[in-house]
Each structure stands twice: as structure tokens, then as C-alpha cells.
Amino acid sequence: MIDENRVEAGALSATGVPAERVLEEVRELRASDAPTHGGRLFAYVYDPAVPGLDELAAAAHRESAHVNGLDPTAFPSLLAMENALVGAAGRVLGAGPGTTAPDVVGSVTSGGTESLILAVKTARDAHPEITAPRIVVPSSAHAAFAKAAHYLRVALDVVPVSPETLRPDPAAMAAAIRPETVLVACSAPSYAHGVVDPVTQIAAAAAEAGVRCHVDACFGGWTLPYLRRLGEPVPPFDFAVPGVTSISVDLHKYAYAPKGVSVLLHRDATLRAPQYFAYADWPGYTMINPVIASTRSGGPIAAAYATVRHLGDEGYLRLAAITRDAVTGLADAVRAVDGLRLMAEPESTVVCFTATEGGPDLFVLVDELTARGWHTQPQLSYAGLPASVHLTVTAAVAPRVAEFGPDLTDAVAAARAAGPVRLPAELAALVGALTPEALTPDLIVGLAAGLGLGGEVGSDAGPLPERMALVNTLLDAAPSALRERLLVEFVSLLQRPSWAPS
Ligand SMILES: Cc1ncc(COP(=O)(O)O)c(C=O)c1O
């Protein structure tokens with residue numbers, strides 16, 4: 001029976017929980033997370049390991065958390081910080097006074113995905129006469145382009161990358177441009193393998209066709225210029241390249257700001273114009289939004305501002321040098337192990353490796369590394385590219401590099417001894433025969449339970465099994481449409497309200 005006088009449910013307590021206790025709850029919940037600091041997590045987080053930086057960012061966030069980016073005239077502090085961040089990003093990416101891109105403008109968004117959705121929206125809305133717009137992307141482009149295409153009803157023309165170079169052929173990119181193409185995109189670098197696409201040729205082809213060219217530098221846009229200054233052979237990718245019309249760079253990645261901040265830059269204000277949404281046809285305030293969100297917290301912007309101000313150009317150069325050395329050390333560690341090979345020679349801050357013929361099962365290896373305290377990111381096989389292990393390397397990894405090699409050797413030996421994962425025959429048969437449409441709720445719950453995924457309603461089990469090799473092997477065996485559907489269903493099993501107060 002529901003007691004109608006009680007409203008206690010989930011996070012809503014009946015009488016309010018004392019502040020100290022609430023913080024304890026948060027800390028208790030956080031205890032089961034992957035470690036965000038300490039240099040052993042190779043995805044999701046970007047840690048420069050600079051003493052005091054977290055505290056500074058948190059203090060700046062606190063100052064501006066309740067400021068609303070909805071109206072820059074009411075909160076000019078936010079406008080000033082946004083413009084300062086756009087100026088910094090432009091400078092890092094070859095724009096500003098004295099460059100070939102003196103008129104660059106931009107906006108602060110909530111992240112890479114929002115920047116890319118807006119880049120696609122802006123390109124689409126620049127051509128209202130094109131009724132069935134399309135964009136051209138390499139197959140290595142971030143999934144956010146597919147999300148943008150899906151949200152915005154823009155067709156996605158995907159150009160495969162070479163299995164050797166992991167880059168698209170610029171001629172194939174050029175050939176994919178059609179009269180309805182509104183945007184050509186490429187990455188600097190790609191997330192999966194960390195390679196820089198041939199931006200110069202792709203941008204030239206786009207310009208020749210009169211089409212915009214977006215460089216997705218969300219991941220590495222803040223490190224590549226510093227790596228170049230350190231003498232690394234970074235190919236041209238920024239506004240110095242003719243034909244590049246927009247660039248995205250995430251400050252919550254290698255600018256080391258807390259989550260929630262990316263910058264989308266356009267070569268000039270005319271190119272940016274279709275990005276805005278304005279609406280005056282209602283009785284409330286006229287809405288003018290440069291980005292997707294309307295109300296926006298000033299917290300992440302202030303935190304990013306404080307981070308960029310504090311680290312400064314020299315700080316980023318120093319962090320890039322530390323990161324580069326860590327990348328070199330990790331890549332050497334991979335090269336030294338029989339049975340593994342690098343997917344590509346590192347040219348940014350990613351180390352990505354796969355197994356050679358007769359090498360260990362990569363998914364078992366990932367579990368063995370996890371058991372040794374190294375949290376790596378498995379990548380499933382795709383369109384002729386083998387499954388791989390991705391390491392996003394940040395400065396915090398540097399002090400750990402010497403420990404990685406021996407643990408990798410050890411983990412490979414353990415993975416070899418354990419042998420490859422064999423999908424139980426009934427699961428293998430199921431994956432072979434299943435289509436996304438044939439998945440029923442019962443089948444999903446049964447599969448989730450069989451794989452140890454904590455989807456069972458009422459169960460207190462953690463959301464994931466300790467070892468993920470079986471899950472990854474199953475997903476790897478599934479075509480991408482089935483992978484998507486299975487993961488959507490598994491995640492939606494996890495996302496349900498907790499009614500009971502803790
Ligand atoms: C190249 C690239 N583009 C876009 C994104 C999307 O960024 P976000 O996760 O901030 O939305 C990422 C994230 O890793 C990325 O690596």
C-alpha cells in the first residue's frame with residue numbers, strides 16, 4: 001500500500017538528509033567507480049595530475065554554478081569567459097590576428113557530441129534549398145556524426161578507411177561528395193586509433209566542390225599543436241589549412257577541464273550564422289540559442305576558464321611532453337610483447353593494439369589487465385578491422401608506465417593460459433540467427449542474466465560481471481545492428497528508478 005502522506009522515494013528523503021551524510025552517500029556510491037585519477041584508466045577521463053587543479057576547477061565551478069548561460073546580457077561574466085575560451089581555442093588551432101583565419105568565431109558547447117551535432121546542423125541549415133542533405137565522413141569518424149545525422153535527418157555517406165593506414169583515401173572522400181552534400185568531415189585524430197586524417201586533401205576536395213569541411217579535433221585538438229611544437233611530425237589539420245570551415249575541440253579532454261565543455265569554431269561569422277536558433281513567436285522571452293541547450297550552467301564554463309588560465313601555454317606544452325613520453329613508453333611495452341601489434345604507430349596520444357595470429361584473446365587480455373588494476377577499452381572488430389584495445393593516454397599515466405610493461409606481459413601470459421573465450425553453443429547459435437527485430441523482452445532478460453549483466457529487476461548485483469570477455473565476445477560476433485539493439489536493451493534494463501529510500 002502506498003502511504004499517501006509519505007513522498008519519500010529514491011533520492012527524495014522524507015525529512016531531508018544532513019549534508020555530511022549526503023556527502024558520505026556520494027562517496028560510497030563513487031567507491032564502485034573506475035578510478036578517475038592515478039593513471040590507470042585509459043578512457044573516459046583526462047587527468048593531468050597537476051596538484052591543486054581539481055580544487056581550483058571546483059572552486060570556479062562553485063562560483064558560477066547557478067549562473068545561467070541562457071541570457072548573456074544578464075550574466076556578462078559567462079559571455080566573457082566563453083569568449084576567452086573561444087579565443088584560446090582559436091589561437092591553439094591556427095586562428096586569430098596575424099593568421100590566415102583572423103575572423104574565426106565560436107561557441108562553447110557541452111561536449112564533443114553537441115559540437116558535432118551543431119556543426120552538422122549549421123551546414124544543413126546553410127542550405128535550406130537542399131531537401132535531402134547528406135554528409136560525408138570516414139568510417140573512423142566519431143559515432144557522434146551518425147547521431148547528428150540521425151537527429152537531424154541528414155544522410156550519412158561513410159567512406160571506409162584503409163585497414164593499413166586507418167585513414168580514408170582523399171580521392172574516395174572527394175568521390176563521395178554529391179550535389180546534396182552539405183558537409184565533409186574528418187578527424188584530427190580519430191578516437192579509435194589516434195591517427196590524423198589527410199585534412200589538407202580532404203578540405204581541398206570539399207572546397208573545390210563548394211562544400212563545408214569540418215575537422216573533428218574534439219579528442220586531440222588541444223594536444224596536436226603542442227606535440228608539433230615539441231618536434232613531432234603532426235600533419236596540417238587546423239585553420240591554416242585552406243578549405244577547413246569549422247573545427248571542434250573538447251576542453252574536457254586534453255585541455256584537462258572538468259566535464260561539460262567543448263568549443264565549436266567557424267572560420268567566420270557568416271559560416272556560423274545558421275547555428276543560432278531564434279524564436280519570438282510565443283508570449284515569453286525571445287529565445288536566442290547558439291547551442292542546443294537553452295538554460296546552461298556557468299559551472300563547467302568557469303571551471304574550464306580557470307583550468308586554461310591556470311595551466312597556460314607553457315603548462316600545456318609541458319603536459320604534452322609528459323604525455324608523449326608516456327605514449328612512447330606504452331607503445332614500446334606493447335611492441336615488446338609477443339602476440340600483440342600496434343594498430344598504428346602512435347602519432348597523437350592514443351596507443352591502440354591488436355593481437356597477432358596466434359596471439360592472446362584480446363577480450364580475455366582486457367579482463368586480465370583489469371584484474372591487475374589497468375582499465376583499458378576494448379574495441380570490437382568492424383568492417384575488416386580487427387578487435388583492438390584502446391588506450392587514451394594522459395599526463396597522469398607517465399609515472400605508471402614502467403609498471404605497465406611487466407603487467408602487460410603477465411596479463412598476456414595469463415590470457416594465453418586461459419585460452420580464448422568460447423561462446424556457449426546456444427549463445428553462438430542465437431547470435432548467428434538473431435535479428436534486432438526478433439529480440440523479445442524475455443529473450444533480452446534471459447540473455448542479460450546468462451551474461452551476468454545486472455538487469456534482473458529487484459536484483460542487487462552490480463551492473464556488470466567481473467569479467468567481460470564473454471559479453472564482448474558475444475557482441476563481437478554480432479553484426480552492428482544487433483550490437484546496437486542488444487546494448488540499448490541491456491542499458492535500458494539498468495536505467496530504472498530506485499523507488500526505495502536507501
Ligand atoms: C574525435 C571525437 N569526437 C567527438 C567525441 C565526442 O565527445 P563527447 O563524448 O564529449 O560528446 C569524442 C569523444 O571521445 C571524440 O574522441
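Q: Does Trp374 count as buried or exposed?
A: This is a predicted model, in which local features need pLDDT of at least 70 and side-chain atom pairs count only at pLDDT 80 or more, while totals for chains, interfaces and linings use all residues. Residues are numbered from 1 along each chain as its sequence is written, and side-chain values use heavy atoms, without hydrogens and water. Buried means under 20% relative accessible area, exposed over 50% and partly exposed in between (1.4 Å probe, protein chains only). Trp374 has a relative accessibility of 0%, so the residue counts as buried.

Q: Which kind of pair do the rings of Trp282 and Tyr285 form?
A: A search of the whole structure finds 12 aromatic pairs, that is, rings of Phe, Tyr and Trp (its six-membered ring) with centres within 6.5 Å, stacked if the planes are under 30 degrees apart, edge-to-face over 60 and tilted otherwise. The centres of Trp282 and Tyr285 lie 5.4 Å apart with planes at 75 degrees, so this pair is edge-to-face.

Q: Which residue forms an aromatic pair with Trp374?
A: The partner is Phe404, in an edge-to-face pair with 5.1 Å from centre to centre and 85 degrees between the planes. This pair links distant parts of the chain, since Trp374 lies in the loop between helix 11 (362-371) and strand 12 (377-379), whereas helix 12, 30 residues apart, holds Phe404.

Q: At what angle do helix 10 and helix 12 pack?
A: Helices are DSSP runs (H or I, at least four residues) and strands are too (E, at least two), numbered from the N terminus. With their axes 9 Å apart, helix 10 (residues 299-335) and helix 12 (residues 401-418) pack at an angle of about 15 degrees.

Conventions
Axes fitted to C-alpha atoms, helices over the stretch in contact; angles between N-to-C directions.
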